[in-house]
Each structure stands twice: as structure tokens, then as C-alpha cells.
Amino acid sequence: PDGSTLAFDRDGKTWIGSLKGSASREFWRSPNRAVIWQRFSPDGSNLAVIDRNDLWIVPYPNGSARNLGKISAYGVSWLPDNRHLLVVAGSGDALDILDITNRSRRTIYRATTQFFYPSMSPDGKKIVYGSCETEWDVLEISVPEGRVHTMVGGGGISMMPDWAPSGTHYLYSTSSGAIDNRILEDRSVADGFTRRVAEGSENESALAAKWAPDGTRFLFVDASPQRFELTIANPSGGPWTPVTEVTGNAQHAHTWSPDGQWIAFVRVEGGKQELVKI
């Protein structure tokens, strides 16, 4: 608030820097080393710091930090009294007023969508915030004309489409809710008919489908929080055939050979990324 000092994150820690030319200094080392948001109180006496999902109050320029518990990671904003904070609560769909002295809180507003980075006006009478509903659509783009046509839309998350070799239908991964619980659907271009061809259990997803060159089977990633496994399935049903576990951040980098006898994919072994075939 004095316009001469900055608090910023470096390597998951809070640093203090002066705008008058002196060197920056490490101010506070958070337990999780994952500082993602911090704000000075209006009088400059405290910093509110979000360390991963923990809210800390760190006195400035010195004092013992206090953990006020778990909150949403989407930011906090001080009220003008320097005692209360506006925080995103619940599953991100509520705004609470939190008392940093006695830790009491009350919900002042709830919505059907999520709140992002609310900010209280200096007089404490108005709140501005971001809000959205996630929607990812599947689009078809005509290469000669550049014409765009929405194939799958209307809410939810639809992504990673792959044309069948016949060109009459395509696979895509979709979810009407959480992005971490997706299914695979096969949709006909002519009549828009859709059928479900792969579905994981709770907290699992079927994604990144690739048709085999002959169109008789498809490859996809059977994903859970613990593993990512390349799997082959038949579009008409039947048991899945696990192929191999995929490691690292390349769970979508796989493809068939033109004769359908090999699968190339990316994995991480010994800290190195490799392109392999099976």
C-alpha cells in the first residue's frame, strides 16, 4: 500500500523487493513451497498467502505466520477493515467472508458456476469477479474454403476427435461434467447418431482415441489418477486389450503404422523422453 514495496513469488517462496533500488530478500518460506497468490492488507500489516490450497496470514514486516486452513486456490481479497477476507469457498461456487482473527466465516453469495479471483472495492461495498462454464467443442474446418462447422457443442467438454477411415463417423472424448471423468463416443456424420464405445469407472477417463487403419478397432488411453495405459478396443464391444503403460506427459502422443501392425508412442524412461514402437 505504500507504493514502494513488492511481494512476489520466487521458487514457491515469498520475496520482498523494494522499488528504491535495494536488493530483494526472501521473506517467508511456505511449507508446501507452492505460493500461487498473495495480497497485502490495506494497511500493509499482513500478507494473505495461498500456499497450494492453504491460506496463511503472514505479518509484515515480521511476526509468526498463521495457517487459516484450506480454501479454493482462486484468490482472496481484503476488506477495508484489515480483519476480513473475501475468499472463494465450497467447490468454487461460493463467496465467503473470513475473519482472520477468530477464523469464523459466512457465505454471502452462491452461484451455479465457479468464481475466479474476486476483488473487493476499496469501500467494501462492491465485488468484481470472473466466472465461467467450461465448454470445449469439436469443429470441422473445410480446408479449401476455411468454412467452420460445429460438430459437437452445447456444453461440457468434447475433444480429441479422430475420423474413421471411412470418413462417415468419428470418435471423440467427451464429458458433461468433470474433465477427469471422460468417455469415448462414436458419432455418425450423416444422421448425428452417437453411441458410447468406451467408459471408465469413477475417476477414470477414456481419451485420445485413434482408429486403426482398417477401422475394425481403435486405440485409446485408459486413464486414472494412478496410471495411463494404452488400450485397444473393438467398436462393437467386447473386452479391452491393454497394450502398455504410458509414462510422463505424453499420454496423447500415439499413432498406428499404416499397416495396423505397430503402434508408435512416447514414454519417459530414466528421465529421458523416448519414441518407441510396439
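**Figure 1. Contacts and overall form of the protein.** Of the contacts in the protein with a separation of 6 or more, 26% are accounted for by residues 24 or more positions apart. The structure shown is a predicted model. Its secondary structure comes to zero helices and 27 strands. The radius of gyration of the protein is 25 Å, well over the 19 Å given by the globule rule for 278 residues, and the protein is therefore more spread out than a compact globule. The C-alpha trace spans about 70 × 45 × 40 Å along its principal axes.

**Figure 2. The aromatic pair of Phe40 and Tyr60.** A search of the whole structure finds 13 aromatic pairs. In the pair shown here, the ring centres of Phe40 and Tyr60 are 5.3 Å apart and the ring planes stand at 80°; because planes over 60 degrees apart count as edge-to-face, the pair is assigned to that class. The pair links distant parts of the chain, with the two residues 20 residues apart. Phe40 belongs to strand S4 (residues 35-40), whereas Tyr60 is placed in the loop between strand S6 (54-59) and strand S7 (66-70). Tyr60 has a relative accessibility of 23% and so counts as partly exposed.

**Figure 3. The cis peptide bond between Tyr60 and Pro61.** The peptide bond leading from Tyr60 to Pro61 is cis, with omega near 10°. Pro61 is located in the loop between S6 and S7. Tyr60 lies in the loop between S6 and S7 as well, and its ring pairs edge-to-face with that of Phe40. As a point of reference, most peptide bonds are trans.

**Figure 4. The aromatic pair of Tyr74 and Tyr117.** The rings of Tyr74 and Tyr117 have centres 5.9 Å apart and planes at 85°, so this pair is edge-to-face. Distant parts of the chain are linked by the pair, its members being 43 residues apart. Tyr74 is found in the loop between S7 and strand S8 (76-78), and Tyr117 in strand S12 (residues 114-120). Both residues fall in the partly exposed class: Tyr74 has a relative accessibility of 28%, and Tyr117 has a relative accessible area of 42%.

Figure 5. Trp37, Tyr74, Phe116 and Tyr117 are linked into a cluster by ring pairs. The cluster includes Tyr74 and Tyr117, whose rings form an edge-to-face pair.

**Figure 6. Arg10 over the ring of Trp15.** Arg10 lies over the face of Trp15, and the distance to the ring centre is 4.4 Å.

**Figure 7. The surroundings of Asp99.** Asp99 is part of strand S10 (residues 94-99). Its relative accessibility is 4%; since the limit for a buried residue is under 20%, Asp99 counts as buried. Apart from neighbours within four places in sequence, Asp99 is in contact with Arg83, His84 and Ser104. The side chains of Asp99 and Arg83 are joined by a polar contact of 2.9 Å. The C-alpha atoms of Asp99 and Leu86 are separated by 9.2 Å, and these two residues are 13 residues apart along the chain.

**Figure 8. The side-chain contact of Ser142.** Ser142 is situated in the loop between strand S15 (138-141) and strand S16 (148-152). With a relative accessible area of 17%, Ser142 is buried. Its side chain makes a polar contact of 2.2 Å with the side chain of Glu145.

**Figure 9. The positive phi of Arg52.** Arg52 is not a glycine, yet its phi is positive, at about 60°. For comparison, most residues other than glycine have a negative phi. Arg52 occupies the loop between strand S5 (46-51) and S6. Its relative accessible area is 45%, and Arg52 is therefore partly exposed.

Methods: Residues are numbered from 1 along each chain as its sequence is written. Side-chain values use heavy atoms; hydrogens and water are left out. Rings of Phe, Tyr and Trp (its six-membered ring) pair if their centres lie within 6.5 Å; planes under 30 degrees apart count as stacked, over 60 as edge-to-face and the rest as tilted. Helices (H or I, at least four residues) and strands (E, at least two) are DSSP runs, numbered from the N terminus. Buried means under 20% relative accessible area, exposed over 50%, partly exposed in between (1.4 Å probe, protein chains only). A charge sits over a ring if NZ of Lys or CZ of Arg is within 6 Å of the ring centre and within 35 degrees of the ring normal. A polar contact is a pair of N or O atoms within 3.5 Å; within protein, one must be able to donate a hydrogen and the other to accept it, and residues adjacent in sequence count only if both atoms are side-chain atoms. The radius of gyration is taken over C-alpha atoms; the globule rule is 2.2 Å times the number of residues to the power 0.38. Contact means heavy atoms within 4.5 Å.
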